[in-house]
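Dear colleague,

Please find the structure below, handed over for your own work. My notes on it follow directly after.

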Amino acid sequence: MIPPQEASARRREIEDKLKQEEETLSFIRDSLEKSDQLTKNMTENLQRLQENVEKTLSCLDHVISYYHVASDTEKIIREGPTGRLEEYLGSMAKIQKAVEYFQDNSPDSPELNKVKLLFERGKESLESEFRSLMTRHSKVVSPVLILDLIGGEEDLELQEEVPLEHLPESVLHDVVRISRWLVEYGRNQDFMNVYYQIRSSQLDRSIKGLKEHFRKSSSSSGVPYSPAIPNKRKDTPTKKPVKRPGHEHDFRVKHLSEALNDKAGPLAGRDDMLDVETDAYIHCVSAFVKLAQSEYQLLTDVIPEHHQKKTFDSLIQDALDGLMLEGENIVVAARKAIIRHDFSAVLTVFPILRHLKQTKPEFDQVLQGTAASTKNKLPSLITSMETVGAKALEDFADNIKNDPDKEYNMPKDGTVHELTSNAILFLQQLLDFQETAGAMLASQETSSSATSYSSEFSKRLLSTYICKVLGNLQLNLLSKSKVYEDPALSAIFLHNNYNYILKALEKSELIQLVAVTQKTAERSYREHIEQQIQTYQRSWLKVTDYIAEKNLPVVQPGVKLRDKERQMIKERFKGFNDGLEELCKIQKAWAIPDTEQRDKIRQAQKSIVKEAYGAFLSRYGSVPFTKNPEKYIKYRVEQVGDMIDRLFDTSA
């Protein structure tokens, strides 16, 4: 057994050896790690050196490539971008980078001038291609397509509105690519001028083509093509007929005869031409709005956003100025027509003004962002038309009042005067344009109520105006009636005219419009008519007075008549016969156009005369006042009635 001291010593010895071995292993491990790190660092340095060499070679190749750009791309640039735009733009990108390299690294290098010249030539080719694409593919919109576009709003339940394709999709793609390149790299805005000039020309030509379409349609068919007329175009058989934009009624300008026109002879065909021009202008206004909207949509794809409003303003100027000039020409023509009292021509302003005002919200929306001078053009035209329209209304009322009494112009049969029929016709035509006419009158008012209560105020103004025209007409008719020497014919004349006016008012909305300011107008006309009938009936007193009971001899049965009494009875019969024959002869040639009134007047007169003559004949028909009774008793009571039944009838 080993003693404890010895065992302890051995254990310490062993521990010391183990410790030495661990230290040796640790040293060896540290040495190996250092060796590995040195190896790794060396390897990394070698790799970095390799990479640097490769980068240097690559950079050298890249630099050398800039010197080859001119020769590599010259052929493509010379041949142009047509048909291979993307390849061309890729070459331009290489040239652009070469320019930037030489400017930064070798500004004095002759290579810089080469690539710069090549870049400028390429840019010019792109600008030329832009112009060429726009010119070759921008087409005038056909009139038929425009009319479908205008009428499309009313057919939305049948079809979706299809936007116009101003440029084929592939062409538009190329145009947009070139535009964006020119903005980003070309530093040149000339292409925007090219764009608006080409598109402006197409817009203007499209609208003028629509106008020409109306003229040709009118001259070839004799009747102008109007979308307001329900027919179908052969080239679009599946479409509903296009209606006049914004209109429920198809307005046809009617001729006001020479009493108002101060012209000799009818103006055949002129009114149809006026209507063609009116229809054409109205459609051109709507076409401008639709086409301008479409142009703006196209423009937003091609023109940079901050240049869009200005470019659009320039683009629409020619077409807009053309419309405004034509509108001003209409105003000038209306002023001339007013001077010569040709009020039928002035009526063309009404449908045009109505359409301009209806279209104004769309107009304003289209012109958002344009210059103030552009935005003010339509309001200025509307104001001019309202002013000339108000002047026409005022002068028409004065013309009705002052139309001269021309004996040769008075109807010999006492029928309705052409002044009356023309005045009523004019007022009836205003019914289609109540708001427009009311606004015309309101535009000349300066009172605060004119703007505060526009709709109601305008309606009252129009009612007041119509009443003024009717009042002027009545005064003039009274004056004209004095031309007749026979008071009875004068009464028939006034009766016919008053009755015509009343019936015309009742058959239209005029009576309701008049009643806005004159609620008793209808009753007043009936009273006037009755007064004239009573005046006419007094003309028969000179006939019936001969057979009236007053101052007649009293016949006693069985008592012989004295000579004086017999003579008085003879005179009464003769006076009645002569008066009856004379009045029937004269009044047969007079006219009462209204059948109901004619029968009423005949019946009333027949009843009065037959009753008086029947009583007279019963009293003296069997009295022996003459040896030749047939000489004095010429007519039976029924014969007298038959004669009166033939009054106011030249064919009887």
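The chain exposes about 35500 Å², of which carbon and sulfur atoms supply 51%; accessible areas come from the Shrake-Rupley method with a 1.4 Å probe, and for residues only the protein chains shown count as cover. Please note that this is a predicted model, in which local features need pLDDT of at least 70 and side-chain atom pairs count only at pLDDT 80 or more, while totals for chains, interfaces and linings use all residues. Residues are numbered from 1 along each chain as its sequence is written, and side-chain values use heavy atoms, with hydrogens and water left out.

Of the 652 residues in the chain, 46% are buried (buried means under 20% relative accessible area, exposed over 50%, and partly exposed in between, with a 1.4 Å probe and protein chains only). The chain has 25 helices and 0 strands; helices are DSSP runs of H or I with at least four residues, strands are runs of E with at least two, and both are numbered from the N terminus. Where contacts (heavy atoms within 4.5 Å) join residues at least 6 apart in sequence, 79% of them link residues at least 24 apart.

The axes of helix H9 (residues 305–339) and helix H13 (residues 377–402) cross at roughly 10° and come within 10 Å; axes are lines fitted to C-alpha atoms, for helices over the stretch in contact, and angles run from 0 to 180 degrees between N-to-C directions. H9 is therefore roughly parallel to H13 (under 35 degrees; over 145 is roughly antiparallel, 65 to 115 roughly perpendicular and the rest oblique). Residues making the contact include Leu 320, Met 324 and Ile 330 of H9 and Leu 381, Met 385 and Val 388 of H13. The residues of this contact divide into 11 nonpolar, 3 polar and 6 charged, where Ala, Val, Leu, Ile, Met, Phe, Trp, Tyr, Cys and Pro count as nonpolar, Asp, Glu, Lys and Arg as charged, and the others, Gly among them, as polar.

The structure also holds 20 aromatic pairs. Rings of Phe, Tyr and Trp (its six-membered ring) pair if their centres lie within 6.5 Å; planes under 30 degrees apart count as stacked, over 60 as edge-to-face and the rest as tilted. Ring pairs join Phe 573, Phe 616, Tyr 620, Phe 625 and Tyr 632 in a cluster.

Backbone geometry gives two further entries. Most residues other than glycine have a negative phi. His 341, in the loop between H9 and helix H10 (343–346), has a positive phi near 60° and is partly exposed at 24% relative accessibility. Phe 648, in the segment after helix H25 (637–645), has a positive phi of about 60°, but Phe 648 is buried, with a relative accessible area of 6%.

Glu 277 belongs to helix H8 (residues 270–302) and is partly exposed at 25%. Leaving aside residues up to four places away in sequence, Glu 277 touches Lys 211, Arg 215 and Glu 326. Asp 432 sits in the loop between helix H14 (418–430) and helix H15 (434–443); its C-alpha is 10.0 Å from that of Arg 354, 78 residues apart in sequence.

With kind regards
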